[in-house]
Amino acid sequence: MFEHHQELLEEMIRDNEDFRRHYHRHQELDKRVTAAELGTAPMEDLALVRLKKEKLFIKDKLAMLMKAAKS
């Protein structure tokens with residue numbers, strides 16, 4: 001995620017508490033979604049859809065925070 005902006009990503013994680021909190025939540029959701037998709041942590045389809053929506057919402061929030069930081 002955000003591979004093209006690695007330097008800014010690292011700076012935001014280090015210096016912005018709100019960004020860091022969202023980033024860690026996104027990472028946690030990514031692990032849970034991956035585990036569900038691989039079958040190592042099965043869950044109902046509806047629960048998986050909700051996790052994916054939350055993950056996408058947080059990714060959009062992170063992108064907005066990064067865009068604001070660049071301005």
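## The buried side of helix α1

In helix α1, which spans residues 6-15, the buried residues are Leu8, Leu9, Met12 and Ile13, where buried means under 20% relative accessible area, exposed means over 50%, and partly exposed covers what lies in between, with a 1.4 Å probe and protein chains only. Viewed down the axis of α1, these buried residues fall within an arc of 135°, so they line one face of the helix; the arc is that of the directions from the helix axis to the C-beta atoms. The face of α1 that is turned away from the buried side carries the exposed residues Glu7, Arg14 and Asp15. The cover over the buried residues of α1 includes α2 and α3, the latter running over 45-70.

## Basis of the model

This is a predicted model, in which local features need pLDDT of at least 70 and side-chain atom pairs count only at pLDDT 80 or more, while totals for chains, interfaces and linings use all residues. Residues are numbered from 1 along each chain as its sequence is written, and side-chain values use heavy atoms, with hydrogens and water left out.

## The chain as a whole

The protein chain has three helices and zero strands, and its pattern, read along the sequence, is α-α-α. Helices (H or I, at least four residues) and strands (E, at least two) are DSSP runs, numbered from the N terminus. Taken along the principal axes, the C-alpha atoms of the chain fill a box of roughly 40 × 20 × 15 Å.

Of the 71 residues of the protein chain, 28% count as buried. Among the contacts in the chain with a separation of 6 or more, 61% are accounted for by residues 24 or more positions apart, a contact being heavy atoms within 4.5 Å. The chain exposes about 5,300 Å², of which carbon and sulfur atoms supply 53%; accessible areas come from the Shrake-Rupley method with a 1.4 Å probe, and for residues only the protein chains shown count as cover.

The chain has 14 positive and 14 negative charges, and their mean positions are 3 Å apart. Lys and Arg count as positive and Asp and Glu as negative, whereas His and the chain ends are not counted; the place of a charge is taken as NZ of Lys, CZ of Arg, CG of Asp or CD of Glu.

A search of the whole structure finds one aromatic pair. Phenylalanine 19 and tyrosine 23 form this pair, which is stacked, with 6.4 Å from centre to centre and 10° between the planes. Rings of Phe, Tyr and Trp (its six-membered ring) pair if their centres lie within 6.5 Å, and planes under 30 degrees apart count as stacked, over 60 as edge-to-face and the rest as tilted. Both residues lie in helix α2, four residues apart, which is about one turn of the helix, and both phenylalanine 19 and tyrosine 23 are buried.

Tyrosine 23 counts as buried because its relative accessibility is 15%. Not counting residues up to four places away in sequence, tyrosine 23 touches Met1, Leu9, Ile13 and Leu62.

Histidine 22 is found in helix α2 and, at 14% relative accessibility, counts as buried. Neighbours within four places in sequence aside, histidine 22 is in contact with Ile58, Lys61, Leu62 and Leu65. Histidine 26, also placed in helix α2, counts as buried at 5% relative accessibility; with neighbours within four places again left aside, histidine 26 is in contact with Met1, Lys55, Ile58, Lys59 and Leu62.

Alanine 36 is found in helix α2, which covers residues 17-38, and counts as buried at 14% relative accessibility. Leaving out its neighbours within four places in sequence, alanine 36 is in contact with Ala41, Met43 and Leu48. From C-alpha to C-alpha, alanine 36 and alanine 47 are 9.8 Å apart in space, and the two are 11 residues apart in sequence.
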